[in-house]
Amino acid sequence: MSLSESDTRAKLIDPGIHACGWTEDLIRREETAGAIDLVGGGARRRSKGRVDYVLRVKVTRESQPVAVALIEAKAEKHPPTHGLEQAKLYAACKRLNVPFVFSSNGHLFVEYDRFTGLTSEPRPLSQFPTPADLRRRYEEAMGFTLDSEAARPLLTRYSGGEATRRYYQDAAIRAVLEKIAHGENRALLSLATGAGKTFIAVNFLKRIADAGQLRRALFVCDRDELRLQGLGAFQNVFGADAAAVSNGNPQKNARVLIATYQTLDVDKEEADANLLTTHYPENYFSHIIIDECHRSAWGKWSQVLRRNPQAIQVGLTATPRKLKIAEDTKEARADLQMTADNYKWFGEPAYEYDMAQGIEDGYLAACEIRKGRINLDDTGITIDDILARNPIDAVAGKPVTPDELHALYEKTEYEDRILLPDRVLAMCSDLFDQLVATGGPEQKTIIFCVRDRHADDVALTMNNLYAAWCKENGHKLVEPFAFKCTAASGGNEYLADLRGASRRYFVATTVDLLTTGVDVPSVRNIVFFKYVRSPIAFYQMVGRGTRLYPPDNKLMFRVYDYTDATRLFGEEFISRHQPPRQPKPGPEPPPPPERTIVVEGFEVHVTEAGRFIVTEVDGRAMPITIEEYKEQLAKILVSEAPTLEEFRSIWINPTLRRELFTHLPDAGRSPFLVRDIEEMRDFDLYDVLAELGYGQAPKTRTDRAKAFSYKHSAWLSGMPVNTARVIRAIADQFALGGTEGLENRVVFQTPKVARAGGISALKAFGKPSKVLMETKERMFAA
């Protein structure tokens, strides 16, 4: 019998590469988060996820090992090239930021070289490169030696050890340090919202400091909320050496300064950069990190970088690499300008980690999209439609004339200057019904609205719907339920409540205050009531929901899209630098006062336009339908276990089952997502997958446990009475907890099993482990 992947690695590959000099201290097992299971009202990791075996080289015994290669194990029965398309090899190199990828079945190996793009012919494992070989090839290709002064930060260990950092955070830090060692002083990192960019910034500067190369550092963000978050993270590592800059205190005694654009007087076109130029002379800083560097227009803050040309300059962003806009709008052109400016200055990203990879690794919440279409948005409304319903001025309450209406109608969108209460009610009612159907209305939700007045109307309508629902269902009314959280309304005051209040402040209606930089991990729903044309703004809005939140069992989040905003997923990444538009001579005329009108009497309804899951498609985060997602899962499942019998034999073996999960989409979380989406929470994952891949009619956990008892009554009657009683009690644990209930280490200590006779009763029939294994075989054969 051939060896599985894990056995191939342990029994063949590990001894083979050890013989070539790869000792345990040079092998790093990079383990991703893996699946999350919801058990007993809490959240816990259910499987180990993917384990990448990374080969690293060391310069001295004390130095930080530097990753240079990835080695993949294939089951002994497969050739070493099994499943290794060129694109996968390249992606693996980029994901781990290593130049070499090896694949072996324990007897032969092949090598992919990112520098040359070539994949070798299979060779015996006895010819595997030594650490010295790979170090020499790495240094030659990178253009520096690891024992050089410029490479010292690469060899400096993490001050808090490596247990807390994630593989991609280490890869990102190494990517920047490698550019520095190569003699470059600018780098761009593109990482999805929730990936821990602040962790990267802190540990990057700490390793620079511990290498003796940090003079003074500046961390720039664009909001007080971000400055506060950054200050806490930096002080945890640097202590009093990290300080926040304020208007009255430039903090020149600290080595690491955290400042906002506003504090430095570089946030507006007319700003004079007074604090920056007064207190910090040119080249004052040796290192500068710009957080969310896509956020503010380049011309406003680029002088922070231009005044420090000798500094190491790092830009952090969460948006796509480059943008190709589908619509030529003001917002889209602004996106192009910011992106072009950043790329012109920083160059191509040194490292990228997008939302799709974060979901695949299990570090970010999975995303389901529910789209709805509003009939008025599809058919449009005419001036005659509006006039027939007697429009009135939203402020004065007076009728609006046809001439006044014509000027508004040509230049507006719904809920901007033409308010449609019927449309608001229809959209809010549909959303509220969906919240009720997916766990109840009391879920942390952010609704993006067109403008302040629209946010008011939506909050009021959601509160009315909630009050009516509470009365109808005898539920205690919680206030506030929905609230406006916009810049114009002083919304910053409510951010702490949205984040921290678990029993209040559920639904935030906003315009753009919550688009970026606000860390609210408990948000379960992102709602688009506004039309979005900026891909950058869209990705930032969706990013408010990507963080996992174990205290609230948050595994996934939903996007409710009423305006087709999700069309902006997966835009092609191409752009060119465009020079800024020159202002016309002379003073700008003052803008005319805005006027809004209210129109009632329309019949508005919302129709479902599909459900989608965001997953990786050709290296990008893209929405695919639920059916496509299930087909993708089924295809991979059947390729790993072609028959139901093979699947069953894998399922009852915990090691093989974990191995199977690592091959499934989204870090093995896809079965959990399908179970949640299809509302199969009463079914074990075995039945979810058996139906999906092999067409077997699913049984609930309770029905499967009952079927076990009567279908295998002859087997049970042939054993001692107490033994049979214990087996039936264990079957009841399956009804409660599924497969995990059978395999629970303390199953014999549960009251019902213990009362039936516990492990002693099993010993009367044979070895307990063998009896339990046969019980599982029969449970899933039922």
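Colleague: In which sense do strand E17 and E24 pair, and over how many bridges?
Modeller: Strand E17, residues 366-374, pairs with E24 in the parallel sense, over 6 bridges, and arginine 370 stands opposite tyrosine 560 in E24. Strands here are DSSP runs of E with at least two residues, helices are runs of H or I with at least four, and both are numbered from the N terminus; two strands pair if DSSP finds at least two bridges between them. This is a predicted model, where local features need pLDDT of at least 70 and side-chain atom pairs count only at pLDDT 80 or more, while totals for chains, interfaces and linings use all residues. Residues are numbered from 1 along each chain as its sequence is written, and side-chain values use heavy atoms, with hydrogens and water left out.

Colleague: And what is the order of the strands in the open sheet?
Modeller: The 8 strands run in the order E21-E22-E20-E23-E24-E17-E26-E27, with mixed pairing. Strand E21 (482-484) and strand E27 (620-625) are the edge strands, each pairing on one side only.

Colleague: What holds paired strands together?
Modeller: Strands of a sheet pair through backbone hydrogen bonds, either parallel or antiparallel.

Colleague: Changing topic, where does threonine 546 lie?
Modeller: Threonine 546 lies in the loop between helix H18 (535-542) and strand E24 (556-561).

Colleague: Is threonine 546 buried or exposed?
Modeller: Threonine 546 is buried, because its relative accessible area is 3%, and buried means under 20%, exposed over 50% and partly exposed in between, using a 1.4 Å probe and protein chains only.

Colleague: Which residues is threonine 546 in contact with?
Modeller: Leaving aside neighbours within four places in sequence, threonine 546 is in contact (heavy atoms within 4.5 Å) with Thr193, Gly194, Met355, Leu364, Ala365 and Phe557.

Colleague: What about strand E10, how many of its residues are buried?
Modeller: In strand E10 (residues 186-191), 5 of the 6 residues are buried, so the strand is largely enclosed by the rest of the structure.

Colleague: Which strands does E10 pair with?
Modeller: E10 pairs in the parallel sense with strand E15 (residues 312-317) over 5 bridges, and with strand E16 (residues 351-353), also in the parallel sense, over 3 bridges. Leucine 188 has glycine 315 in E15 as its bridge partner, whereas serine 190 has glutamate 352 in E16.
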